[in-house]
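Here's a quick tour for anyone opening this structure for the first time. Have a look at it below, and then we'll start with some rings.

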Amino acid sequence: MNPVARSSIQSGLETLPARLGHQLQGGADWLNRRSRPGLMRLSAAWRRSLQLRVAATTTIVTGLIVLLIGLFLVDQIGKGVLKAKRDAAISQASLGLEAALAQFEGLTPGDLSGIRQAVDQITSDPTRSTGALGGALFTKVVRSTDQAVNRQLGVTQQLPDELRRQVDRGTMAVQYAPVRVPGQSGEAPGLIVGQPLTTQAGTFELYYLFPLTAEQKTLGLVQRTVLIAGLALVLLVAAIAALVTRQVVRPVRVAAQTAGRLAGGALSERIKVSGEDDIALLGESFNDMANSLQQQIQRLENLSRLQQRFTSDVSHELRTPLTTIRMAAELLYGSREDFPPELARSVELLTNELDRFESLLGDLLEISRYDAGAAYLETEQVDLRGIVERAVAAAVPLAARHGVELRAELGDRQVLAEVDARRVERVLRNLLGNALDHAEGRPVTVRLGADEESVAVTVRDEGVGLRPGEAALVFNRFWRGDPSRSRLTGGTGLGLAISLEDVRLHHGWLQAWGARGRGAVFRMTLPRVAGGELDSSPLPLEPPEVLA
């Protein structure tokens with residue numbers, strides 16, 4: 001062979017496994033891509049449909065049971081048919097033994113012509129059986145124990161060695177083995193019965209070869225019948241399971257849909273009840289529960305409206321006397337230097353408490369607007385750095401009173417977002433006031449961050465911190481972590497609650513983290529575009545040293 005051709009063939013053989021592996025991997029990837037959507041849809045249907053799970057489980061269990069029963073029936077019928085065939089074959093062989101002995105009467109070992117004639121007479125034509133064999137054809141083979149006689153007789157039929165050894169011992173033997181079918185070409189499963197034939201002409205072996213074609217057809221018919229009946233039974237059971245499950249699942253689905261509409265605010269929705277069974281009892285109980293819930297919700301709504309109206313009315317009604325008291329207090333405060341020290345101090349305390357009372361009235365009015373659903377945003381695109389700077393500047397005097405260092409990390413780039421600047425600044429002032437009040441003289445840090453979808457501001461103090469579970473309570477109205485602590489800021493207890501409502505009005509997040517002795521972090525996250533949805537925040541809630 002040409003060396004170049006030999007080298008090319010060798011190179012091709014060396015790269016063949018890699019190419020085949022690449023092609024097989026590509027085929028597997030293609031099959032995976034094509035089958036994945038179907039598998040995902042099937043998995044989703046399996047998780048969501050109780051009817052599908054019950055019907056499929058019933059079908060599988062029924063199929064396994066039918067399979068086991070079918071295998072048992074086919075096995076028992078096959079054993080019965082073969083046993084009947086075996087018994088009939090042995091009986092036929094026993095009867096034929098006497099006829100075969102009669103053919104050898106008067107023959108001597110040297111009379112080969114007479115022996116050949118007797119053998120031909122026994123084996124010349126296929127014989128039809130009688131009795132349990134039902135008239136089936138079978139053939140007979142006569143062999144001599146002397147191989148020389150077999151050669152002269154022209155015996156060519158091959159028989160199983162184990163069967164011949166048993167017959168040589170002088171006993172009847174039976175074995176299943178392929179045999180030739182009379183009138184057909186080729187072999188078929190069969191049954192061979194062999195027995196010794198002792199005559200004056202010598203010792204011979206008589207074999208009966210029974211084809212099992214009829215029995216094979218019978219077993220095939222039985223198998224097909226069992227298979228078709230089993231499939232029909234499985235399909236019938238699956239249909240019944242699906243129908244019964246549907247009768248149970250359908251009312252449950254109706255109840256789930258009705259419950260969803262109730263949760264959506266359609267309090268008049270009810271389930272149509274028919275009959276007196278367990279499903280009807282479930283529907284009646286559901287309707288009773290819905291009636292009770294509707295009454296309770298209506299009662300609570302009425303009470304809430306009364307409370308909102310009462311809060312709003314009281315707040316407005318207190319404005320006029322508060323204004324009069326404010327004017328009188330300012331007059332007294334302006335003349336406090338002419339009063340005795342005790343009276344001057346009382347005037348200062350009166351003025352401070354009037355400031356706190358006025359703030360409380362303002363907060364109550366704001367909360368009442370939120371409760372009444374009357375709050376709305378006045379958004380504009382602004383640079384949040386300016387809002388944060390104003391809030392920090394307003395908190396500087398308070399930080400000085402507390403002896404706290406106030407830090408601001410705002411960055412050099414603009415942070416534009418569509419927000420209500422007044423509400424955002426109020427949130428920041430509340431967060432800063434709360435942080436300064438609990439900083440314990442340690443620094444308070446304000447950070448501003450942004451990404452493509454959202455902006456965030458964190459206010460971190462390193463003071464007393466929060467106990468486990470208090471992060472979920474700090475936004476409750478009038479909640480205080482430690483009632484014994486004094487409030488230098490004169491807070492009303494509504495600042496964080498109002499801040500949470502302001503942030504929610506922006507579709508944003510206001511979250512808190514804290515650990516005892518390690519301080520607290522409050523994070524406000526807002527979408528850059530008014531009405532946008534948040535997926536994440538550009539700033540972490542927990543401090544870096546905690547995350548590390």
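F138, Y208 and F210 form one aromatic cluster. Before we go further, a word on the source: this is a predicted model, where local features need pLDDT of at least 70, side-chain atom pairs count only at pLDDT 80 or more, and totals for chains, interfaces and linings use all residues. Residues are numbered from 1 along each chain as its sequence is written, and side-chain values use heavy atoms, with hydrogens and water left out.

**The ring cluster**

A pair of aromatic rings is described by the distance of the centres and the angle of the planes. Rings of Phe, Tyr and Trp (its six-membered ring) pair if their centres lie within 6.5 Å; planes under 30 degrees apart count as stacked, over 60 as edge-to-face and the rest as tilted. By that rule, the count is five aromatic pairs.

| Pair | Centre to centre | Angle between planes | Type |
|---|---|---|---|
| F138 and Y208 | 5.7 Å | 40 degrees | tilted |
| F138 and F210 | 4.8 Å | 40 degrees | tilted |

Where do these rings sit? F138 belongs to strand β2 (residues 137-144) and Y208 to strand β5 (residues 202-211), so their pairing ties together parts that are 70 residues apart in sequence. F210 is in strand β5 too, and its pair with F138 links parts of the chain 72 residues apart. Strands (E, at least two residues) and helices (H or I, at least four) are DSSP runs, numbered from the N terminus.

Y208 counts as buried at 2%, and F210 is buried at 1%. (Buried means under 20% relative accessible area, exposed over 50%, partly exposed in between, with a 1.4 Å probe and protein chains only.)

**The cavity**

A search of the whole structure turns up one cavity of 30 Å³ or more, and the largest cavity has a volume of about 40 Å³. On a 1 Å grid over the protein atoms alone, a cavity is a set of points where a 1.4 Å probe fits but cannot get out, and lining residues have an atom within 4 Å of a point. The lining includes L377, E418, H506 and L526. β8 (416-419) and β12 (519-527) are the elements giving two or more residues to that lining.

**The whole chain**

Zooming out, the chain has 12 helices and 12 strands. Of its 548 residues, 34% are buried.

Conventions: On a 1 Å grid over the protein atoms alone, a cavity is a set of points where a 1.4 Å probe fits but cannot get out, and a pocket is an open set with protein on both sides within 12 Å along at least five of seven lines; lining residues have an atom within 4 Å of a point. Grid points are joined across faces, edges and corners, and a volume is the space filled by probe spheres set on the points.
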